[in-house]
Amino acid sequence: MEQVERIGVSVDKNLLGAFDELITKQGYQNRSEAIRDLIRKQLSEQCLGNLKAKAVAAVHLVYDHHSTKLMEKLTALQHSHLLRTICTMHIHLDAHDCLEIIVLKGTVGEINKMAEKMLSQKGVKLGNVNFVCAPGP
Ligand code: NI
């Protein structure tokens, strides 16, 4: 079991009140878990600022499947890169549009390049990338 250290923090009363209001709305049961999450978020953001850091990312793409050759281009991009594509999920949204979620593993820099290529393909209507820092081997 991990060792736990208790810390004391001095905080302005108004700031603490606003923080308590926020974390209550977010569903936190206590300040400790909210503060731990803030620390993890800061550490993750610092990690993701390093282009060589290892990460996992979900690329979300919305496109019209009638777009000429777009699906083939997206598949070719995944096959031609050294990045590991962990999985893809395809959802038919309506008669025209599809949502594709592609989970990639690699460095932050590699994932950024790959995601930019995917997002800039003709026929992609919407897209974004969500990173999670993945320390370890
Ligand atoms: Ni579809």
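**Domains, a helix pair and a pocket**

Good morning. The centres of domain 1 and domain 2, taken over C-alpha atoms, are separated by 32 Å. Please keep in mind that this is a predicted model. Within the chain, domain 1 covers residues 13-47 and domain 2 covers residues 54-133.

Let me turn to a pair of helices. Two packed helices are described by the angle between their axes and by the distance between those axes. Here, helix α1 spans residues 13-26 and helix α2 spans residues 31-48. How are α1 and α2 packed, in terms of angle and axis distance? Their axes lie 11 Å apart, and the angle is about 90 degrees. Angles of 65 to 115 degrees count as roughly perpendicular, and α1 is therefore roughly perpendicular to α2.

Which residues make this contact? From α1 come L16, F19, D20 and I23, while α2 contributes R31, A34, I35 and L38. Sorted by class, the contact of α1 with α2 has six nonpolar residues and two charged ones, with no polar residues.

I move now to the largest pocket. Its volume is about 790 Å³. The lining of this pocket is made of 19 residues, and those nearest its centre are I7, R31, S32, I35 and R36. Which elements give two or more residues to that lining? They are α1 and α2, and the largest share, seven residues, comes from α2. In terms of class, the lining has eleven nonpolar, two polar and six charged residues.

Definitions and conventions
Residues are numbered from 1 along each chain as its sequence is written. This is a predicted model: local features need pLDDT of at least 70, side-chain atom pairs count only at pLDDT 80 or more; totals for chains, interfaces and linings use all residues. Side-chain values use heavy atoms; hydrogens and water are left out. Axes are lines fitted to C-alpha atoms, for helices over the stretch in contact, and angles run from 0 to 180 degrees between N-to-C directions. Helices (H or I, at least four residues) and strands (E, at least two) are DSSP runs, numbered from the N terminus. Angles under 35 degrees count as roughly parallel, over 145 as roughly antiparallel, 65 to 115 as roughly perpendicular and the rest as oblique. Contact means heavy atoms within 4.5 Å. Ala, Val, Leu, Ile, Met, Phe, Trp, Tyr, Cys and Pro count as nonpolar, Asp, Glu, Lys and Arg as charged, and the others, Gly among them, as polar. On a 1 Å grid over the protein atoms alone, a cavity is a set of points where a 1.4 Å probe fits but cannot get out, and a pocket is an open set with protein on both sides within 12 Å along at least five of seven lines; lining residues have an atom within 4 Å of a point. Grid points are joined across faces, edges and corners, and a volume is the space filled by probe spheres set on the points. Domain bounds come from an automatic or database domain assignment.
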